[in-house]
Amino acid sequence: MKEEIARETRFWNVRLRSMHAYQPGEQPKFSPQTLKLNTNENPYPPSPKAIRAMRQAIGADLRLYPPADWQSLRQAIGEEYDVSPAQVFCGNGSDEVLSLIFRSFMNEGDLLVLAYPTYSLYPVLAEANGCRTAWVDTREDFSIDPDAMLAEARTGEARMAIIANPNAPTGMLLDKKQIREFAERFNGLVVVDEAYIDFAGEGASCFSELGALDNLIILRTFSKSFSLCGIRVGYAFAAPILVEGLMAMKDSYNIDRAAQIGAEAAIRDIAWMRKNAARICKTRAKFTQALCARGFETLPSAGNFVFTRHPKISAAELQSRLQQEEIYVRHFEARRVSEYLRISIGTDKDMTRLTGALDRALNGSAPEHSRGRA
Ligand SMILES: Cc1ncc(COP(=O)(O)O)c(C=O)c1O
């Protein structure tokens, strides 16, 4: 058996052979009962204007390559956020933008500083690019400690730091003033991943610091607040010279034609996104209260998910109980986080169903689907 594996992987390079691949959340087979709260998708549909625009884009024009520099989308993002298109980079999901950041700005052996816990793709990309990582534990309450990160970065002469804000999987938000101070005092690049920022309230983004900091890259995505995971479009704000570097590294046509058109229509209809984000924040507050009433300990979340644990029942057991009712939530088997579940916020109705299932799990009563069976 061993020999067989060795033969199978003989064409893999050394880095790949020792790499730990990213583990995406489960994509279950859907039935009418499936409630999927494990990958922070948005329960509301994307803007009807975006859907209409994409439908119209599916036609004879597909024989043509899409615009290589996504000029029209870039223009729309620039207009919405009042920045020059030269400060906007777009990618096939923010995951691709992250990957390009590593390939463009990190050399083999360079050091990346990151908080623990955080989005688990970062160390995978570091490994894939031959970079070293310095993990800095979040405080006891899971808040990010920028001073500790700075000390680590300076000691190791790190080339880059990544801060997810709000952080994943905790949902904890770091004040933008602290990010600015961190970036001012750190010589390397500071990537702030704002995938969930639209759920964090007005003024939470460190976007306002962009002009003053030439080492800041702010990462955004259409996946979460715009309900467009399926088209894979992410974007970044950064100084023009950084954008120029990313442009040189990317594939020629990295975003397909329909996705560019859909994302542009979505950003031009930003009120739709804001309305849905506000609904999700309301549901998050209600659900957090419901959890609290049942004895759960939940971190304060600024994302479209909560990170929660119960002192009387393990997260792994709860996850498996919920799955018996076709409710999917995320559990990470790792230090400090294995007692927690990360639960995406759905509609009010979704969360009421989940609360019922949690009650059954806590009371030790039978899962809903098996009731009445012998
Ligand atoms: C912190 C964080 N950044 C980035 C992403 C990836 O987003 P995208 O769908 O734009 O690749 C995720 C996805 O879950 C995330 O949690």
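Helices (H or I, at least four residues) and strands (E, at least two) are taken here as DSSP runs, numbered from the N terminus. I note at the outset that the model is predicted.

**Entry 1. Ala 168**

I looked up Ala 168 and found it in the loop between strand 5 (160-164) and helix 8 (176-185). Is Ala 168 buried or exposed? I record Ala 168 as buried, because 21 C-beta neighbours lie inside 10 Å and the cut-off for a buried residue is 20 or more. Leaving aside residues up to four places away in sequence, I list Thr 118, Tyr 119 and Gly 303 as the residues that Ala 168 touches. I also checked Ala 168 against His 331: the two are 163 residues apart along the chain, and their C-alpha atoms are separated by 13 Å.

**Entry 2. Domains**

I noted the division of the chain into domain 1 (2-45 + 272-370) and domain 2 (48-270). Taken over C-alpha atoms, the centres of domain 1 and domain 2 are separated by 24 Å. How many residues does each domain bring to the contact? I find 31 residues from domain 1 and 29 residues from domain 2. On the side of domain 1 that touches domain 2, helix 11 (270-293) and strand 10 (305-309) each supply at least two residues. Helix 11 gives the most to that side, with seven residues.

I traced an open sheet of seven strands, with mixed pairing, in the order 2-8-7-6-5-3-4. Its edge strands are strand 2 (88-91) and strand 4 (132-137), each of which pairs on one side only. With direction ignored, neighbouring strands of this sheet are turned by 20 degrees against each other on average.

Strand 3 (residues 111-116) is mostly covered, with five of its six residues buried. Strand 3 runs parallel to strand 4, and six bridges join them. In this pairing I found Leu 112 opposite Thr 133 of strand 4.

**Entry 4**

Strand 13 pairs with strand 10 in the antiparallel sense, over four bridges. In this pairing, Ser 344 of strand 13 is the bridge partner of Phe 305. Strand 12 (residues 330-331) also runs antiparallel to strand 13, and two bridges join them. Here I record Leu 341 of strand 13 as the bridge partner of His 331.

**Entry 3. The ligand shell**

Finally, I looked up the surroundings of the ligand. Which of the 13 residues around the ligand come nearest? They are Gly 93, Ser 94, Asp 95, Thr 221 and Ser 223. Helix 5 (residues 93-105) gives the most to this shell, with three residues. I divide the shell by class into five nonpolar, six polar and two charged residues.

Key:
Residues are numbered from 1 along each chain as its sequence is written. This is a predicted model: local features need pLDDT of at least 70, side-chain atom pairs count only at pLDDT 80 or more; totals for chains, interfaces and linings use all residues. A residue is near a molecule or strand if its C-beta atom, placed from the backbone, lies within 6 Å of it. Ala, Val, Leu, Ile, Met, Phe, Trp, Tyr, Cys and Pro count as nonpolar, Asp, Glu, Lys and Arg as charged, and the others, Gly among them, as polar. Domain bounds come from an automatic or database domain assignment. Two residues are in contact if their C-beta atoms, placed from the backbone, lie within 7 Å. Two strands pair if DSSP finds at least two bridges between them. Axes are lines fitted to C-alpha atoms, for helices over the stretch in contact, and angles run from 0 to 180 degrees between N-to-C directions. A residue is buried if 20 or more other C-beta atoms lie within 10 Å of its own, exposed if 12 or fewer, and partly exposed in between; C-beta atoms are placed from the backbone.
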